[in-house]
Amino acid sequence: MNGTHIPISYSSIYYFYRALLQGGEEARDYLSHRLMRDFGAMAASDSTTMWETNRGEADFDNAGSLCHGWSALPLYYFFAIKLGVRPLEPGFRVFEIAPAAFTGDSAHGEIPTPLGKIQISLRRTADGVVIDAAGPSVLKPVFKPWNPEDFSVCYWNSELLLPADTK
């Protein structure tokens, strides 16, 4: 987190993120901000593709790729880390809602599954972060917040979800 490590390419940054997820509250907060630093330019652009690096075509002496295979991973990271939706069973039949840290005012997204879309939104209120999720009733969400005190409530199809006991 102090920035002294060797720069990490998109192809291997998954392992760095995974270590940060396990590193405690400070590391997860750093990860939430780091995602925006690593992929924010891409996410904020009008691009319909994922770039080879966050510098886009300006990288590699103006030869950077604006449509690169492994660079699609930011899509996974934003949904799995920022929104916290990860499958626990094939097809998301059982999935977790476990945002790493929520550093914004609001966020939302849709995750396609074989049985239909999971829609999720997070919003900051005076009492904490409220999570609203909805999707096919055959899917089973497990609410596993990293820091339960940060989240006031989590709803699945308008029904209150209680935090799971263990991570």
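User: Why does Ser32 count as buried?

Analyst: The relative accessibility of Ser32 is 1%. Buried means under 20% relative accessible area, exposed over 50%, and partly exposed in between, with a 1.4 Å probe and protein chains only. Ser32 therefore counts as buried. This is a predicted model, in which local features need pLDDT of at least 70 and side-chain atom pairs count only at pLDDT 80 or more, while totals for chains, interfaces and linings use all residues. Residues are numbered from 1 along each chain as its sequence is written, and side-chain values use heavy atoms, with hydrogens and water left out.

User: What makes the pair of Ser32 and Lys82 a polar contact?

Analyst: The two side chains make this contact at 2.7 Å. A polar contact is a pair of N or O atoms within 3.5 Å; within protein, one must be able to donate a hydrogen and the other to accept it, and residues adjacent in sequence count only if both atoms are side-chain atoms.

User: Which residues is Ser32 in contact with, leaving aside its neighbours within four places in sequence?

Analyst: They are Lys82, Ala101 and Thr103, where contact means heavy atoms within 4.5 Å. Ser32 itself has its place in helix α2; helices are DSSP runs of H or I with at least four residues, strands are runs of E with at least two, and both are numbered from the N terminus.

User: How do you know that the buried residues of α1 are on the same side of the helix?

Analyst: Ile13, Phe16, Tyr17, Leu20 and Leu21 are buried in α1. They cover an arc of only 140° around the axis, which puts them on the same side of α1; the arc is that of the directions from the helix axis to the C-beta atoms. These buried residues pack against α2 and α4. The face turned away from them carries the exposed residues Tyr15 and Ala19.

User: Which residues touch the most other members of the largest nonpolar core?

Analyst: Among its 20 residues, these are Tyr17, Leu31, Leu35, Phe39, Tyr77 and Ile81. A nonpolar core is a set of buried Ala, Val, Leu, Ile, Met, Phe, Trp, Tyr and Cys residues joined through side-chain atoms within 4.5 Å. Helix α2 gives the largest share, six residues.

User: Why are β1 and β2 called paired?

Analyst: Two strands pair if DSSP finds at least two bridges between them. β1 and β2 have three bridges, in the antiparallel sense, and therefore count as paired. In β2, Phe95 is the bridge partner of Pro87.
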